[in-house]
Amino acid sequence: MTGPVLETEQVSKRFDGLVAVNAVDLRVEGGEIRGIVGPNGAGKTTVFNLVSGLYRVSGGRIRLRGRDVTEAPPHVRAAAGLGRTFQTPQIFPDLSVFDNVAVGLAGSRPPSLRAALLGRRRDWDGVRADVEETLDFLRLPAGIGGFAATLSFGEQKRLEIGRALIGGPSVLLLDEPAAGLSRSEIDTLAELIRGMRTRGVTVVLIEHNMKLVMGLCGLITVLDFGRKIAEGTADEVRRDPLVVTAYLGRSGGAGV
Amino acid sequence: MTVSWRRRFWTPTSGATVAALAAVPLLLGNSPYHLFLLNTIAVFAMLALGLQLVLGYGGILQLGYAGFFGLGAYTSAILTVHHGWPFPAALVAAMAVAVVGALVMSPIVRLRDVNFAMATFVFGLILELVYNQWSAMTNGPIGFRGIPAPTLLGLTVLEPQHYYYLLFAALLAEYLLIFRLLHSPFGTAVRAMRENETACRTSGVDVTRVKVTLLLVSSAIAGAAGSLLAHMNGFISPPTFGWATSVALLMMVVLGGVRSLPGAIVGAVVIRLVVEQTSVLGQYSNIVFGVALVLLMAFLPTGLAGLVGRLAARVPWTGRLGAGSVPS
Amino acid sequence: MSEVAGLLVFGLAIGSIYSLVAIGFSMIYRATGLVHFAHPDLMMIGGMVGYTLATRTGLPMPLLFIGSGLSVAGLSWLIDRVGLRPIRRQAALLNLIIATIGWSIILVNVALFVWGTAPLSYPEPYLPKGRLVGGIVIVPQNLVMLGVALTAMIALQAFFTRTVVGQALRATAENPVAAQLMGIRIERMMMLTFLMSGFLAGGAGVLVASIVYANFDLGLIGIKSFAAAVLGGFGQVGGAMVGGLALGVVETITAFYVSSAYKDIVAYTLLILVLLVRPQGLLGSGRTRPD
């Protein structure tokens with residue numbers, strides 16, 4: 001594959017005069033595990049919202065595997081190979097675990113009414129296998145039943161990743177995947193992310209857990225006040241004076 | 001483990017229920033009033049199911065459903081009476097017109113909840129006004145009479161009992177169709193959409209398309225019900241297809257319990273019976289109705305299905321109640 | 001020429017009635033997220049109460065306006081306190097809508113019960129004496145209506161922007177949590193919302209009923225105010241004003257040049273068309289989805 005898997009070109013977002021994201025350039029190559037860090041309010045999640053299509057850009061372009069998706073609605077981007085999770089796991093509490101993951105196939109196999117009315121069996125072919133395989137990969141217990149609401153927080157987060165993963169995305173956006181997890185869960189998470197890379201999924205994660213980011217990510221992009229202020233390997237970023245100022249100059253920034 | 005794709009409709013409970021419902025006319029003997037009531041209830045059960053699909057499962061605030069009911073009724077009436085169309089063709093046309101009506105309205109699906117609700121409300125008003133004003137087509141407030149009894153496969157359905165079986169078949173077909181729909185991947189998308197639209201969008205679900213599809217399907221159902229009503233009564237008039245009926249339908253769904261298919265049918269039965277009975281109370285009936293509505297919303301927001309669910313939870317051996325109730 | 005001017009005045013006058021009710025409607029929506037289907041019927045009650053006041057006491061018009069306004073304000077608040085707030089806490093939008101529909105039915109039937117079915121005309125001194133301009137009776141009353149309504153709207157605007165209470169009300173509607181954190185008493189604001197919108201509806205009812213007649217059916221006119229609110233941008237008070245006036249003018253012009261029977265259809269269809277093109281209404285904030 002030539003060219004970056006995900007690219008944002010001078011992307012900006014304005015909310016009634018407040019500039020949340022300011023001309024951010026991002027080029028993520030296939031096979032990367034990219035980290036996006038920055039103090040609270042730096043605009044990281046806003047960038048994710050712009051990339052996944054939940055917000056419209058005020059300026060700039062967004063490209064997914066070379067294809068311009070700047071005007072495309074979220075579901076089209078998902079079908080084009082973009083997966084995404086949220087800071088608070090956005091799952092379907094009253095649906096079963098199975099269904100929660102199965103929804104992730106909607107991009108690659110759009111659920112159709114005609115199929116629903118005519119060919120019930122055929123409609124579900126292969127879905128079960130895919131769901132079970134995904135649940136397995138995410139270390140969610142085989143016999144797991146019941147509604148998603150009954151799962152633990154960590155399990156819900158993995159469930160959400162499962163939904164994003166089952167569609168076979170090229171790029172997976174993870175928004176603070178480690179937040180609220182225990183030490184061992186974080187270790188599992190790191191393994192899972194590495195496992196995803198092996199499967200050919202490029203991962204971009206927003207994180208405050210610096211240890212995780214430094215250990216996992218090849219390249220790290222640093223945002224502050226909606227702008228990209230640094231980009232490089234863990235070492236380069238750690239030593240960048242701009243980055244240090246950004247974090248030390250703010251109360252509540254996670255220690256580098 | 002709940003694996004939704006293997007849910008089956010036919011269980012001992014559902015089979016027994018269907019058999020019992022099929023036998024009802026026999027119990028009612030020859031009382032034309034009761035048979036008429038039964039048939040009317042059947043038509044409204046069809047409507048309630050359709051509304052349950054779009055409103056209860058889809059979360060789409062369709063406040064003008066009776067208007068589509070009317071589209072079907074008038075289309076069927078006009079085609080059979082003025083143009084000599086055979087019943088089956090008129091029935092299909094009725095559904096088609098209703099669907100077209102929904103298509104016209106469908107861009108509104110993009111709107112926020114409330115705006116959409118108001119738009120459907122206004123659309124229902126427009127339709128009711130059209131039925132009243134466009135006398136050339138609909139005969140206006142006087143109503144449209146002389147609608148022939150339906151002729152299927154050479155047989156003309158004249159007896160109310162036979163009409164019941166026609167309605168029963170339609171109702172059963174509709175129920176099965178909706179059931180199957182809800183248990184397909186499409187159905188999963190619908191249920192997911194109701195819980196978390198944003199998660200659906202980023203997972204690849206074209207939420208707008210799903211909502212429009214639900215709207216169209218429910219409108220087709222309303223159109224069919226309209227045609228069936230028209231040919232059953234031989235006479236239709238605008239008030240049947242106006243706001244009051246839309247309200248009654250909303251109540252059927254809410255009373256039965258949102259997202260419960262059997263609930264919608266029970267709701268239809270109860271509300272329809274209530275509507276018949278309250279005319280007995282005379283002057284005070286409507287106030288009682290209004291008060292009942294408010295109290296119902298205050299004390300029984302999850303409807304009868306919710307009530308049954310809560311009671312069943314207390315009594316362990318009742319197990320899963322009701323064939324065809326989709327868990328959530 | 002004076003024909004068009006007369007139509008315009010009439011249209012604006014009717015429109016201002018729609019606006020008054022639509023404003024109340026929008027206020028309630030903004031503050032509570034509730035679509036209050038009983039609101040138009042509050043207008044109707046205002047008209048009926050005005051009739052009773054007119055026949056029993058013979059008070060001058062402005063006092064009728066205020067008297068009805070106050071009574072309906074109280075009623076509006078009472079309905080919320082007793083019949084809606086308990087439901088507001090837990091329920092889905094649909095349930096709330098149905099509850100308000102229930103109240104609508106109650107109000108209509110209470111009116112039927114108390115005042116009977118026959119349309120009641122306001123007594124002589126209140127009746128408009130007007131001139132026939134091209135088939136429509138233009139009355140000085142229209143100008144009065146317009147004047148009163150505009151004054152009310154201007155006063156409201158000032159209230160919302162200049163006074164502390166008004167700003168607190170807006171803050172509550174915008175973001176209840178933040179408002180509460182800033183020390184604003186939410187329930188007070190809700191109460192104020194219901195009182196104010198009730199007052200407007202009651203007053204509007206008197207204005208309408210004095211020209212047309214007082215009858216339990218008056219709520220149907222009020223339903224147009226829904227359309228007005230949506231047209232202008234649901235939840236925007238300014239939008240409700242614009243929507244109401246626009247609706248009144250369109251309706252009147254249609255009635256005159258096309259057909260009186262079809263005026264409603266045209267008005268509603270216009271609304272749907274506007275929504276299709278501009279889903280958030282004429283003045284609505286530019287978002288169809290939470291951005």
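Q: In this predicted model, which residue is the bridge partner of A:Val222 in strand 10 of chain A?
A: Strand 9 (residues 219–224) of chain A and strand 10 (residues 227–232) of chain A run antiparallel and are joined by five bridges. Within strand 10 of chain A, the residue bridged to A:Val222 is A:Ala230.

Q: Which residue takes a positive phi in the hairpin of strand 9 of chain A and strand 10 of chain A?
A: Two residues lie between the strands of this hairpin. The positive phi, near 50°, belongs to A:Phe225.

Q: Which strands stand at the edges of the six-stranded open sheet of chain A, and why is one side of each left without a neighbour in the sheet?
A: The sheet has the order 6-7-8-3-9-10, with mixed pairing. Each edge strand has a single partner strand, so one side of each has no neighbour in the sheet; the strands concerned are strand 6 (82–84) and strand 10 of chain A.

Q: What is the average twist from one strand to the next in the open sheet with the order 6-7-8-3-9-10 (chain A)?
A: Six strands of chain A make up this open sheet, and their pairing is mixed. From one strand to the next, the twist averages 20°.

Q: Which residue of strand 8 of chain A stands opposite A:Leu173?
A: Strand 7 (residues 171–175) of chain A and strand 8 (residues 202–206) of chain A run parallel, joined by five bridges. In strand 8 of chain A, the residue opposite A:Leu173 is A:Val204.

Q: At what angle to strand 8 of chain A does helix 8 of chain A run?
A: Helix 8 of chain A comprises residues 183–198. It lies across strand 3 (33–37), strand 7 and strand 8 of chain A, and its angle to strand 8 of chain A is about 150°.

Q: Which are the edge strands of the four-stranded open sheet of chain A?
A: Here the order is 2-1-4-5, and the pairing is antiparallel. Two strands each pair on one side only, namely strand 2 and strand 5 (67–68) of chain A.

Q: How many bridges join strand 1 of chain A to strand 2 of chain A?
A: Strand 2 (residues 18–28) of chain A runs antiparallel to strand 1 of chain A. One of the bridged pairs is A:Phe15 with A:Leu18. The hairpin of these strands has two residues between them, and A:Asp16 takes a positive phi near 50° there. The number of bridges is seven.

Q: Which residue of strand 4 of chain A stands opposite A:Leu6?
A: Strand 1 (residues 6–15) of chain A pairs with strand 4 (residues 59–64) of chain A in the antiparallel sense over five bridges. The residue opposite A:Leu6 is A:Leu64.

Q: Which residue of strand 5 of chain A stands opposite A:Arg63?
A: Strand 4 of chain A and strand 5 of chain A run antiparallel, with two bridges joining them. Opposite A:Arg63 stands A:Asp68.

Q: How many nonpolar residues does the side of chain A that touches chain B have?
A: The contact draws 35 residues from chain A and 29 residues from chain B. On the chain A side, helix 2 (74–79), helix 3 (97–102), helix 4 (113–117) and helix 5 (120–124) each supply at least two residues. By class, this side has ten polar and six charged residues, and its nonpolar residues number 19.

Q: How far apart are the axes of helix 5 of chain B and helix 11 of chain C?
A: Helix 5 (residues 113–133) of chain B and helix 11 (residues 263–277) of chain C pack at an angle of about 150°. The crossing is left-handed. The contact includes B:Phe123 and B:Ile126 of helix 5 of chain B, with C:Tyr268 and C:Ile272 among the residues of helix 11 of chain C. The distance between the axes is 9 Å.

Q: How many residues of helix 4 of chain C are buried?
A: Helix 4 (residues 93–115) of chain C reaches 33 Å from its first C-alpha to its last, close to the 33 Å expected. C:Gly116, with a positive phi near 80°, follows this helix. Helix 4 of chain C is mostly covered, the buried residues being 17 of its 23.

Q: What percentage of the residues in chain C is buried?
A: Chain C has eleven helices and two strands. Of the 291 residues in chain C, the buried share is 55%.

Methods:
Residues numbered from 1 in each chain as written. Chains lettered and ligands numbered in written order. Predicted model: local features only at pLDDT ≥ 70, side-chain atom pairs only at ≥ 80, totals over all residues. Contact = placed C-beta atoms within 7 Å. Nonpolar A, V, L, I, M, F, W, Y, C, P; charged D, E, K, R; others polar. Pairing = 2+ DSSP bridges. Axes fitted to C-alpha atoms, helices over the stretch in contact; angles between N-to-C directions. Left-handed = near helix turned anticlockwise from the far one by under 90°. Expected span 1.5 Å × (residues − 1). Buried ≥ 20, exposed ≤ 12 C-beta atoms within 10 Å, placed from the backbone.
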